[in-house]
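Work through the exercises below with the model open. Try each task before reading its solution.

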Amino acid sequence: MKKVFAIMLCFLVMLSCAASAFAAEPNVITVTANTTQVAPGDTIDFTVSIKATDACRTAGLVLKYDAAVFEVVEGKCSSEDALIATFDKDRGFIILFAKAVVLEGELCTFTLKVRDAAATNTYEVGLKASMKDSSDPIETKIETAMITVVRPG
């Protein structure tokens, strides 16, 4: 009986390892900046790139940043596959596709301006992403940019 139980346990362990080995990797969205050190009054251009493993039909990207330090200047969608692509300074990006698309490369860009009252510190700039294929959410990992504000002099 112990031998049968041990064999069954080994089989279950192997089965669970095989299932996790084939689990899909999440989509990875990376936010990169054209510079990492800025002063008050400077603008920073950001590029949002994606390496997708799952196809999506809709993407919502909300900018995440310290509003006391940065203000949004502009944003635009770079994806040529988009049926509809809009940017709103308060809401971020909404991108819709006519069919499910596996995205790769630059997705959009945006520009932030450093406020005059920004304190010297390092700040994180990223996104909150909601990606879906029909109504099913797609797991997404976000890699953020780190920006250091310095005062001249």
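Thr-86 lies in strand S6, which covers residues 82-88. Strands here are DSSP runs of E with at least two residues, helices are runs of H or I with at least four, and both are numbered from the N terminus. This is a predicted model: local features need pLDDT of at least 70, side-chain atom pairs count only at pLDDT 80 or more, and totals for chains, interfaces and linings use all residues. Residues are numbered from 1 along each chain as its sequence is written, and side-chain values use heavy atoms, with hydrogens and water left out.

**Exercise 1. Sort the aromatic pairs.**

Task: How many aromatic pairs does the model hold? Classify the pair Phe-46 and Phe-110, then the pair Phe-87 and Phe-93.

Solution. 
- Step 1. Set the rule. Rings of Phe, Tyr and Trp (its six-membered ring) pair if their centres lie within 6.5 Å; planes under 30 degrees apart are stacked, over 60 edge-to-face, and the rest tilted. The count is three aromatic pairs.
- Step 2. Take Phe-46 and Phe-110. Their ring centres are 4.8 Å apart and their planes meet at 10°, so this pair is stacked.
- Step 3. Locate this pair. Phe-46 sits in strand S3 (residues 43-51) and Phe-110 in strand S8 (residues 104-114), so the pair links distant parts of the chain, 64 residues apart. Both Phe-46 and Phe-110 are buried.
- Step 4. Take Phe-87 and Phe-93. The centres are 4.7 Å apart, with 45° between the planes, and the pair is tilted. Phe-87 is partly exposed at 22% relative accessible area, whereas Phe-93 is buried at 1%.

**Exercise 2. Trace the core.**

Task: Which residues have the most contacts inside the largest nonpolar core, and which strand gives the most to this core?

Solution. 
- Step 1. Define the set: buried Ala, Val, Leu, Ile, Met, Phe, Trp, Tyr and Cys residues joined through side-chain atoms within 4.5 Å.
- Step 2. Read off the core. The largest one has 34 residues, and those with the most contacts inside it are Phe-46, Val-48, Leu-61, Phe-70, Leu-103, Phe-110 and Met-131.
- Step 3. Assign strands. Those that each supply at least two residues include S1, S3, S4 (56-64), S5 (70-77) and S7 (92-101). S8 gives the most, with five residues.
- Step 4. Zoom in on Phe-46. Leaving aside neighbours within four places in sequence, its contacts include Val-31, Ala-33, Phe-110, Leu-112, Val-125 and Ile-147.

**Exercise 3. Follow a polar side chain.**

Task: Is Asn-27 buried or exposed? Which backbone atom lies 2.7 Å from its side chain?

Solution. 
- Step 1. Asn-27 belongs to strand S1 (residues 27-33). Asn-27 is buried, at 0% relative accessible area.
- Step 2. A polar atom of the Asn-27 side chain lies 2.7 Å from the backbone nitrogen of Thr-53.

**Exercise 4. Find the salt bridges.**

Task: How many salt bridges does the whole structure contain?

Solution. 
- Step 1. Search for a side-chain nitrogen of Lys or Arg within 4 Å of a carboxyl oxygen of Asp or Glu. There are two salt bridges.
- Step 2. Arg-115 bridges to Glu-71, with the closest N and O atoms 3.9 Å apart. Arg-115 lies in the loop between S8 and S9 and Glu-71 in strand S5, so the pair ties together parts 44 residues apart in sequence.
- Step 3. Lys-141 and Glu-143 form a salt bridge at 3.8 Å, N to O. Lys-141 is partly exposed at 44%, and Glu-143 is partly exposed at 32%.

Conventions: Buried means under 20% relative accessible area, exposed over 50%, partly exposed in between (1.4 Å probe, protein chains only). A polar contact is a pair of N or O atoms within 3.5 Å; within protein, one must be able to donate a hydrogen and the other to accept it, and residues adjacent in sequence count only if both atoms are side-chain atoms. Contact means heavy atoms within 4.5 Å.
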